[in-house]
Amino acid sequence: MNLTEADVQKIVNSVITNIEKKLTDTVTPAAAPQAEPIRQAEAGATAGDRGVFNQVEDAVKAAYQAQADLLKNHKLEDREAMIEAIRQTTLANKQELAQMIVTETKLGKLAHKLDKLELTAIKTPGTEDLKTLAFSGDGGLTIVEQGPFGVIGAVTPVTNPVETIINNSIGMIASGNAVVFNVHPSSKKCSAYAVQMINQAIISAGGPENLVTMVKEPTKDTLDQIVAAPETKLLVGTGGPGLVKALLSSGKKAIGAGAGNPPVIVDETADLEHAAKEIIKGASFDNNILCIAEKEVFVVDSAADDLIYHMMNNGAYRLDQHELEQVMAFALEANEQQVARGCSLDTKRVYHTVKDWIGKDASAFLDKLGVNPGREVELLICEVDFDHPFVQLEQMMPILPIVRVKNLDEAIDMAVKAEHGNRHTAMMHSRNVDHLTRFARAIGTTIFVKNASSLAGVGFGGEGHTTMTIAGPTGEGITSARTFTRQRRCVLAEGAFRII
């Protein structure tokens with residue numbers, strides 16, 4: 001066969017065309033798997049309903065993406081705008097939120113839910129809480145800034161469900177984090193409403209969606225998944241000692257708020273009428289479900305009668321011995337199985353509080369007793385011995401036991417024992433500075449309030465910011481935005497950037 005130059009060129013062109021076609025057919029299918037994961041990630045992030053997700057994996061993934069967006073595309077002033085939007089929407093919706101909390105949890109009082117929502121909206125610190133530390137010297141300049149952890153896994157209690165979500169969200173967003181909540185199952189509806197409200201506020205302020213997420217049906221298993229997720233870098237738990245112990249054993253950084261059984265001491269130098277009013281204010285607030293609330297009183301014998309008199313004149317009803325025994329019969333149950341329950345890990349407790357009576361109004365107890373005092377009653381009081389279960393239990397009912405003591409030494413000794421080493425909160429009413437100092441040093445609590453109700457310790461009637469997460473067991477104390485940060489150091493060496 002004789003081939004001309006034109007024939008050879010024609011054959012070459014044909015071969016090249018065939019090769020290119022085969023290459024194209026090979027490359028196209030290989031590109032598809034790269035696009036698929038992106039589509040799956042986008043679908044997972046949008047599967048939730050304004051931050052509420054059916055699956056933990058999707059809630060964590062969406063929060064992870066939102067936090068990356070927050071850091072990449074938003075300044076500190078943008079975070080502050082989002083926080084201001086959360087504050088305003090909380091205040092605008094406080095009535096509905098408070099009603100939802102009472103209806104779902106069946107704990108506490110509507111008026112006090114409103115107070116707590118206002119407190120968290122107004123007095124939770126934002127980005128102003130973040131401070132930069134600087135070192136300047138012959139070696140140059142070093143700054144230490146407070147950076148975010150990333151995604152935080154947070155657990156909320158049934159006693160302050162929405163208040164804790166709002167308080168934690170403001171602090172965690174201020175510090176540049178996203179948060180995935182595992183809320184108490186008995187408050188999942190009002191919590192979901194709050195999470196959706198917060199996300200709407202963030203978006204309206206120009207922030208990323210899903211900065212705050214939660215799993216719709218929270219369980220122990222969903223908490224375990226949040227803890228185990230590689231995206232979760234910090235754990236924050238507001239609840240009992242069992243929760244704190246579980247988070248601390250996870251192997252990850254954990255901040256834990258545990259139980260309290262706050263004692264009050266009243267000595268002979270106190271303004272007894274003022275002390276009576278403040279004790280009632282703290283112990284009756286939200287029917288005593290707050291962990292900071294006054295749970296037992298130790299009063300020196302010479303002041304006891306006058307203190308009780310003023311308490312009865314300011315909203316307290318004194319149970320007699322027969323009424324006290326009746327209350328114990330229906331509001332306490334024997335710990336026959338020797339198990340730990342509620343806010344204690346102690347399996348040796350003789351009694352537990354009956355769940356149905358936690359956080360109920362004082363009037364409900366009086367109705368059960370068949371007593372009509374003919375006036376409004378905020379708190380039930382009773383005189384008991386130190387070993388009485390109402391002294392030893394964090395019972396979270398509007399019942400305040402009072403123990404007479406011989407002197408201040410006995411009062412301090414009993415108060416320290418009744419607090420059970422929780423190092424949470426304590427109060428004292430006295431005009432003697434030495435007495436106040438002695439008790440403060442002996443009890444060693446995170447919060448110590450002098451001559452005011454326990455509420456002053458979280459900024460309600462007292463100075464300082466508020467929190468719903470008092471991290472006594474892990475030592476952070478009154479948490480705020482800076483609590484949810486990790487320190488990062490930046491060094492400019494060789495004397496650079498100094499002007500002196």
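A: Start with residue classes: Ala, Val, Leu, Ile, Met, Phe, Trp, Tyr, Cys and Pro count as nonpolar, Asp, Glu, Lys and Arg as charged, and the others, Gly among them, as polar. This is a predicted model, where local features need pLDDT of at least 70, side-chain atom pairs count only at pLDDT 80 or more, and totals for chains, interfaces and linings use all residues. Residues are numbered from 1 along each chain as its sequence is written, and side-chain values use heavy atoms, without hydrogens or water.

Q: How do the residues of the lining of the second largest pocket divide?

A: Its lining has six nonpolar, seven polar and six charged residues. A pocket is an open set of points on a 1 Å grid, with protein on both sides within 12 Å along at least five of seven lines; lining residues have an atom within 4 Å of a point. The second largest pocket has a volume of about 380 Å³. Of its 19 lining residues, Arg79, Glu145, Gln146, Gly147 and Pro148 are the closest to the centre. Two or more lining residues come from each of α2 (56–73), α3 (76–92), β3 (140–148) and β20 (485–493).

Q: How many cavities of 30 Å³ or more does the structure hold?

A: A cavity is a set of points where a 1.4 Å probe fits but cannot get out. The structure holds one of 30 Å³ or more. The volume of the largest cavity is about 30 Å³. Thr124, Pro125, Asn167, Asn168 and Gly171 are among its lining residues, as are Thr466, Thr467, Thr479, Ser480 and Phe484. Two of the lining residues are nonpolar, eight are polar and none is charged.

Q: Is strand β16 mostly covered or uncovered?

A: Strands are DSSP runs of E, at least two residues. Buried means under 20% relative accessible area, exposed over 50%, partly exposed in between. Strand β16 (residues 425–429) is mostly covered, with five of its five residues buried. Thr425, Met427 and His429 point one way, while Ala426 and Met428 point the other way.

Q: Which strands do bridges join to β16?

A: Two strands pair if DSSP finds at least two bridges between them. Strand β9 (residues 263–266) runs parallel to β16, joined by three bridges. There, valine 264 has methionine 427 as its bridge partner. Strand β17 (residues 447–450) also runs parallel to β16, with four bridges. There, methionine 428 is partnered by lysine 450. From β16 the chain passes through helix α16 (residues 433–443) to β17, in a right-handed β-α-β crossover. Right-handed means a clockwise path from first strand over the helix to the second, with the strands pointing away from the viewer.

Q: How many aromatic pairs does a search of the whole structure find?

A: A ring pair is described by the distance of the centres and the angle of the planes. Rings pair with centres within 6.5 Å; planes under 30 degrees apart are stacked, over 60 edge-to-face, the rest tilted. The search finds six pairs. Phenylalanine 285 and phenylalanine 460 have ring centres 5.7 Å apart and planes at 55°, so this pair is tilted. Phenylalanine 285 lies in the loop between α10 (272–284) and β10 (296–300), and phenylalanine 460 in the loop between β17 and β18 (470–471), so the pair ties together parts 175 residues apart in sequence.

Q: Are these two phenylalanines buried or exposed?

A: Phenylalanine 285 counts as buried, at 5% relative accessibility. Phenylalanine 460 is partly exposed, at 27%.

Q: Which residues form one aromatic cluster?

A: Phe330, Trp357 and Phe365 do. Tryptophan 357 and phenylalanine 365 form a tilted pair, 4.7 Å centre to centre with 45° between the planes. Tryptophan 357 is buried at 14% relative accessibility, and phenylalanine 365 is buried at 0%.

Definitions and conventions
Points joined across faces, edges and corners; volume = space filled by probe spheres on them. Buried < 20%, exposed > 50% of the residue type's maximum accessible area, 1.4 Å probe, protein only.
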